[in-house]
Amino acid sequence: MAWWREARFGLFLHWGLYAIPAGEWKNSKGHGEWIRESAQIPLEDYLPLQQQFNPVNFNAREWARMARAAGMRYVVITSKHHDGFGLWDSKVSEWDVGGTPFGRDILGELKRACEAEGLRFCTYHSIMDWHHPDYLPRRAWESRSAEGADFERFEDYLHAQVRELVENYRPAVMWFDGEWERTWNHERGVELFRLCRQAAPEMIVNNRVDVHRGGMGGFNLSSEAVGDFATPEQEIPATGVPGLDWETCMTMNDHWGYNALDADWKSSTDLIRKLCDIASKGGNFLLNVGPRADGTFPPESVERLAEIGEWMKIRGEAIHGTQASPFENLAHGRATVRGSTLYLIGLDVPWGGEWRIPGLANEIRSCRVLGLEVAGTQASVPFRREGADVLLNLCMVPTNPHADVFRLELDGPPRVYRSPRIVTPAPIFTGEQRVELLAPAPELEVRWSIDGGAPLRRGPLLLRESATVQAQCFLGDQPVSGIRTLSLERVEPQPALPAAGSSPGLWCRIFQGQYERVPDFTTLAAAREHAVQGFGLPQGHSAEHEVRQFVGFLDVPEEGIWEFALASDDGSKLRIDGELIVDHDGLHSPSEKRGFAALARGPHRIELGWFNAAGGAELSLKWRKAGGEAFAPLPAARLSH
Ligand code: H79
């Protein structure tokens with residue numbers, strides 16, 4: 001991963017037959033690379049595009065030069081998108097550029113151009129394939145019958161194409177997508193991942209090779225998931241995840257494939273700031289261009305790449321090879337680090353005033369603005385200290401309309417005073433609760449308050465009532481960190497019921513219907529109902545448009561706070577004694593939510609609602625004593641109805 005982490009910035013290319021209609025089909029507009037699906041184009045109407053594909057102005061060297069000049073370090077091109085069309089002449093397919101009037105090896109030309117420009121060449125390869133006769137499921141609106149289709153045969157084809165790509169082009173990254181349909185599963189993902197590792201051990205593979213990527217957020221939810229990096233799409237995560245590699249992919253306007261009418265372009269400033277934001281969180285930015293049918297980039301994309309490049313030429317050192325910001329809370333900008341160099345990237349800094357950098361323990365050897373030279377030497381920025389904070393004096397005028405970068409040379413890697421951690425087993429408690437206050441560095445002392453005043457009290461904290469705890473780190477008598485706040489609520493345990501059910505297991509009611517939320521069961525008639533052993537779905541269950549309600553009693557073995565982990569695809573809701581404990585409602589791919597309940601020893605009413613709109617189906621409920629070790633399924637012996 002070393003080169004990939006260093007690179008930080010890459011070019012995504014969505015190019016294929018869909019560039020020809022350029023977003024319009026008959027009287028409908030607003031399409032992109034999904035046009036076959038979004039305009040519901042039967043295969044026979046889409047096939048003729050192959051004979052129209054003739055991008056005579058395609059010049060791979062120009063593309064690679066533009067990427068290089070923008071400060072990008074790698075290029076990911078669609079070897080095959082969901083329409084199944086290949087940008088190389090595949091031995092196992094006729095549905096590729098080999099069968100077009102153009103006939104040239106697009107991937108090969110781009111690969112050589114990338115090498116000439118010092119860029120890594122990478123491929124995007126869709127698992128979902130709307131062209132291959134063996135791919136399943138068929139679109140609902142397709143006229144082609146699914147009879148005789150054999151997904152395993154499709155899988156062989158997929159493997160053969162991936163092997164070909166590796167043999168012919170040795171991509172540095174294999175970027176899979178289209179993995180969310182019910183035919184794809186973890187086992188198939190693992191097999192494809194292994195094939196990639198064997199064929200090219202150095203090749204990086206994204207997490208969409210496997211299922212469970214957690215929707216557009218893109219982070220894996222299962223510890224068994226394979227894949228080398230997470231793939232948030234069209235979004236930047238709120239924070240980075242230490243130790244986890246990730247890459248945000250994003251469009252410059254609102255389409256990946258070329259759409260001639262899409263004028264909703266992000267400004268260069270916006271794109272540059274997004275790159276800074278991503279780098280400050282330790283991620284990569286894969287920025288998309290959808291080339292036109294003639295083989296050229298849209299002028300708006302060309303212009304943006306050039307403007308980003310202008311900025312990167314002088315300030316790229318704050319992006320390439322850097323690591324995430326050490327700050328918890330830096331107002332007015334972003335930060336990145338390389339060794340003992342700290343980059344502060346101003347986004348809305350108080351020009352003419354001072355920029356407060358919170359809790360920086362290092363000695364600062366120098367502070368300069370990149371690109372600001374006075375009489376041939378880099379201009380120094382005056383600064384002063386106030387307690388543990390550093391105040392940069394912004395007496396100069398900005399040098400750049402997008403973002404100015406301040407480079408601070410420190411006496412070593414940045415040491416930043418972060419606020420203390422407030423640790424309790426749960427946000428609720430019964431009786432009394434000891435609260436742990438952990439300092440992030442040994443030389444710091446934590447002080448606290450529970451009355452809304454300044455955190456001045458020292459020593460252990462024992463709560464007997466609900467309170468909002470505030471905690472701050474002190475160095476000697478100096479407060480040096482931000483204040484951490486956590487509200488803790490004292491609750492009475494929910495009393496147990498006089499009796500549990502008389503039969504073992506739960507009562508499960510099954511409903512049919514198209515829902516986007518867990519429905520109100522009181523007004524619904526069940527299609528079927530029967531007793532089940534516990535919460536979950538039957539083995540291999542994949543019914544779509546289905547709703548289930550589980551009702552019964554849970555016999556709680558000891559009084560206290562219990563934590564419940566509810567995993568589902570799609571939404572689910574857990575109620576205990578009528579109270580909503582976990583709200584995991586709405587359309588989503590497999591993910592988990594947790595909640596707490598204060599329960600007395602003995603039986604409690606438990607109710608779980610779940611629905612699946614379409615695609616994969618999943619449901620599991622686990623629990624543990626708050627602060628306890630591992631989650632475990634609710635024991636069948638404790639369930640009744
Ligand atoms: O290639 C570009 C798009 O064509 C493709 N990915 C980028 C890189 C793309 N395909 N689909 N989408 C984007 C949106 C699809 C979203 C969903 Fe889902 C698929 C919603 C439900 C199934 C994402 C995956 C959220 C849950 C599973």
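I sorted the shell around the ligand by class: 6 nonpolar, 5 polar and 5 charged residues. My classes: Ala, Val, Leu, Ile, Met, Phe, Trp, Tyr, Cys and Pro are nonpolar, Asp, Glu, Lys and Arg are charged, and the others, Gly among them, are polar.

The model is predicted, so local features need pLDDT of at least 70 and side-chain atom pairs pLDDT 80 or more, while totals for chains, interfaces and linings use all residues. Residues are numbered from 1 along each chain as its sequence is written, and side-chain values use heavy atoms, without hydrogens and water.

**Ligand**

I listed 16 residues around the ligand; His-14, Glu-33, His-81, Asp-177 and Glu-233 come nearest. Near means a heavy atom within 4 Å.

Next I looked up polar contacts (N or O pairs within 3.5 Å). A polar side-chain atom of His-81 sits 2.7 Å from a ligand oxygen. Asp-177 has a side-chain N or O atom 2.7 Å from a ligand nitrogen. For Glu-233, a polar side-chain atom is 3.1 Å from a ligand nitrogen.

**Sheet**

I traced an open sheet of 5 strands, order 8-9-15-11-12, paired antiparallel. Strands are DSSP runs of E, at least two residues, and helices runs of H or I, at least four, numbered from the N terminus. Pairing takes at least two DSSP bridges. Strand 8 (333–338) and strand 12 (377–380) are the edges.

I then checked strand 11 (residues 364–374) against strand 15 (residues 404–410): antiparallel, over 5 bridges. Cys-367 stands opposite Leu-408 in strand 15.

Helix 9 (residues 268–280) packs on the sheet and touches strand 8 and strand 9 (341–346). Contact here is heavy atoms within 4.5 Å.

Methods
A polar contact is a pair of N or O atoms within 3.5 Å; within protein, one must be able to donate a hydrogen and the other to accept it, and residues adjacent in sequence count only if both atoms are side-chain atoms. Axes are lines fitted to C-alpha atoms, for helices over the stretch in contact, and angles run from 0 to 180 degrees between N-to-C directions.
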